[in-house]
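Got your viewer open and a cartoon view loaded? Let's go through this one stop at a time, with something to select at each.

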Amino acid sequence: MGTISEIKVPADQRGRLLEMGLLVGTPVELVRFAPLGDPLEIKVRGYHLTLRKHEAELIWVEPR
């Protein structure tokens, strides 16, 4: 479990993530990886969200 500290996604793709509730300061929890590591599932704001590995690598999380 951790908190989003920075989002390094390009501006043209950032809006989609913000609409899904991924904001700096939001608590997130890693739920699971797919068998080959892509995609991965996180829990954010009470729901489960699936992200591609290349998207998730651009979201920096500070551990609690």
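Start with the sheet: five strands make it up, open, in the order S4-S3-S2-S1-S5, with antiparallel pairing. Strands here are DSSP runs of E with at least two residues, helices are runs of H or I with at least four, and both are numbered from the N terminus. Two strands count as paired if DSSP finds at least two bridges between them. Select 47–51 and 59–63 next: these are S4 and S5, the edge strands, and each has a single partner strand, so one side of each is left without a neighbour in the sheet. Neighbouring strands are turned by 45° against each other on average, direction ignored; the axes behind that angle are lines fitted to C-alpha atoms, and angles between N-to-C directions run from 0 to 180 degrees.

Before zooming in, a word on what you're looking at: this is a predicted model, so residue numbers run from 1 along each chain as its sequence is written, and local features need pLDDT of at least 70, side-chain atom pairs count only at pLDDT 80 or more, while totals for chains, interfaces and linings use all residues. Side-chain values use heavy atoms, with hydrogens and water left out.

**Stop 1: the S5 and S1 side**

Select S1 and S5, which pair antiparallel over five bridges. Gly2 has Pro63 of S5 opposite it. Now pick Val61, also in S5. Buried or exposed, or in between, for Val61? Val61 is partly exposed, because its relative accessible area is 40%; the cut-offs are under 20% for buried and over 50% for exposed, with partly exposed in between (1.4 Å probe, protein chains only). Leaving out neighbours within four places in sequence, Val61 is in contact with Gly2, Thr3, Ile4, Ser5 and Val28, where contact means heavy atoms within 4.5 Å. For a distance check, draw a line from the C-alpha of Val61 to that of Gly21: 40 residues apart in sequence, 14 Å apart in space.

**Stop 2: across to S2**

Move over to S1 and S2, joined by two bridges and running antiparallel. Thr3 faces Pro27 in S2. Leu23 counts as partly exposed because its relative accessibility is 35%. Beyond its neighbours within four places in sequence, Leu23 touches Ile4, Ile7, Leu18 and Arg45. Remember Arg45; we'll get there.

**Stop 3**

Select 27–33 and 40–44: S2 and S3, paired antiparallel over five bridges. Phe33 stands opposite Leu40 in S3. In the loop between these two strands you'll find Pro39. What kind of peptide bond joins Asp38 and Pro39? A cis one, with omega at about 5°.

**Stop 4: the S3–S4 hairpin**

S3 and S4 run antiparallel with five bridges, and they form a hairpin with two residues between them. Val44 has Tyr47 as its bridge partner in S4. Click on Arg45 in the loop between S3 and S4: phi is near 55°, a positive value in a residue other than glycine. Most residues other than glycine have a negative phi, and most peptide bonds are trans. Arg45 is exposed, because its relative accessible area is 51%.

For contrast, go to Leu49 in S4, which counts as buried because its relative accessibility is 7%. Not counting residues up to four places away in sequence, Leu49 touches Met20, Leu22, Leu40, Glu41, Ile42 and Val44. The C-alpha atoms of Leu49 and Leu30 are separated by 9.8 Å, with the two 19 residues apart along the chain.

**Last stop: the largest pocket**

Select Val28, Leu30, Leu40, Ile42 and Val61: of the 14 residues lining the largest pocket, these lie nearest its centre. A pocket is an open set of points, on a 1 Å grid over the protein atoms alone, where a 1.4 Å probe fits, with protein on both sides within 12 Å along at least five of seven lines; lining residues have an atom within 4 Å of a point. Which strand gives the most to the lining? S2, with four residues, while S1, S2, S3 and S5 each supply at least two.
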